[in-house]
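Here is a short briefing on charged side-chain pairs. Look over the model first, then read the points below.

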Amino acid sequence: YKLTAMGSVIWEDEFEFMPPSPDWKLLRVETGENDISFGFTRKDPGPFPSDTTFAYDEDPFGCTATLEGREKEFFKRFLFNAILKFQIMEKKKVQVVGGEGLAVTVEGKDPIKKAKVRAKVVFGKRGDRVVGFYITQWRPMDGAYDLSAFEVFDKFVASFKFLKKSFYETL
C-alpha cells in the first residue's frame, strides 16, 4: 500500500480509503492465489474477549448476486466457528461504493464461551458481484460495546473507492 498526500491509502493500486487511527493494526489474510482480504484490528480495554476487527471482503460468503440474497446466505456461515444465534438489530438500504447497498447490524451470544458479539455487515456491488464490509466487536457477556468503533468503520466504508475494474469486470 501507499499513502497519498491527502492521507488516504491506495491498496495494491486497486482500492483507496481513509485508514483508521494508528491504534488500529493492519490485518491481512492471504486465503489463496490473488484472494487477499484486509482490514484492521485492535485489542479493546477489558477482559477477554474484548477486541474489534473490521475488513473489506471481495467475496463474502454465498454466491447470490442480489444484496438481499447474499445477506441470507452470508449469515448462515458468518462466524460459524462460534455457537451464535444472531438477532437482527437494524437493516437498511445505504449508499456504498457509488451505488445501492444493504447494511445489517446484528448481535449474537455464545453461552458456552460466555461472550457476545455485535457486528455490522455492509453489502455493496462491484460490477455484477456482491462485496462486503464487516465489523465485529466481541465482549464478555456482561461487557459494554464501544459504539465509537462502529463510527470508525462507517468512515472507512464511506471513503472506500475502487480505482480499477476487478478481474471479473474485465472478462
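**Salt bridges in a predicted model**

Glutamate 90 has a relative accessible area of 39%, so it counts as partly exposed. Its partner in a salt bridge is lysine 92, with 4.0 Å between the closest N and O atoms. This is a predicted model. Across the whole structure, a search finds 14 salt bridges.

- Side chains of opposite charge can pair when their charged atoms come close.

- Glutamate 58 and arginine 126 form a salt bridge, at 2.9 Å from N to O.

**A pair near the start of the numbering**
- Lysine 2 and aspartate 13 make a salt bridge, and their closest N and O atoms are 3.1 Å apart.
- This pair links distant parts of the chain, 11 residues apart. Lysine 2 is in strand E1 (residues 2–3), and aspartate 13 is in the loop between strand E2 (9–11) and strand E3 (15–17).
- Lysine 2 is partly exposed, at 44% relative accessible area. Aspartate 13 is partly exposed as well, at 46% relative accessibility.

**A network**
- Which residues do salt bridges with shared partners join into one network? They are Arg42, Asp44, Arg139 and Asp146.

Terms used. Residues are numbered from 1 along each chain as its sequence is written. This is a predicted model: local features need pLDDT of at least 70, side-chain atom pairs count only at pLDDT 80 or more; totals for chains, interfaces and linings use all residues. Side-chain values use heavy atoms; hydrogens and water are left out. A salt bridge is a side-chain nitrogen of Lys or Arg within 4 Å of a carboxyl oxygen of Asp or Glu. Helices (H or I, at least four residues) and strands (E, at least two) are DSSP runs, numbered from the N terminus. Buried means under 20% relative accessible area, exposed over 50%, partly exposed in between (1.4 Å probe, protein chains only).
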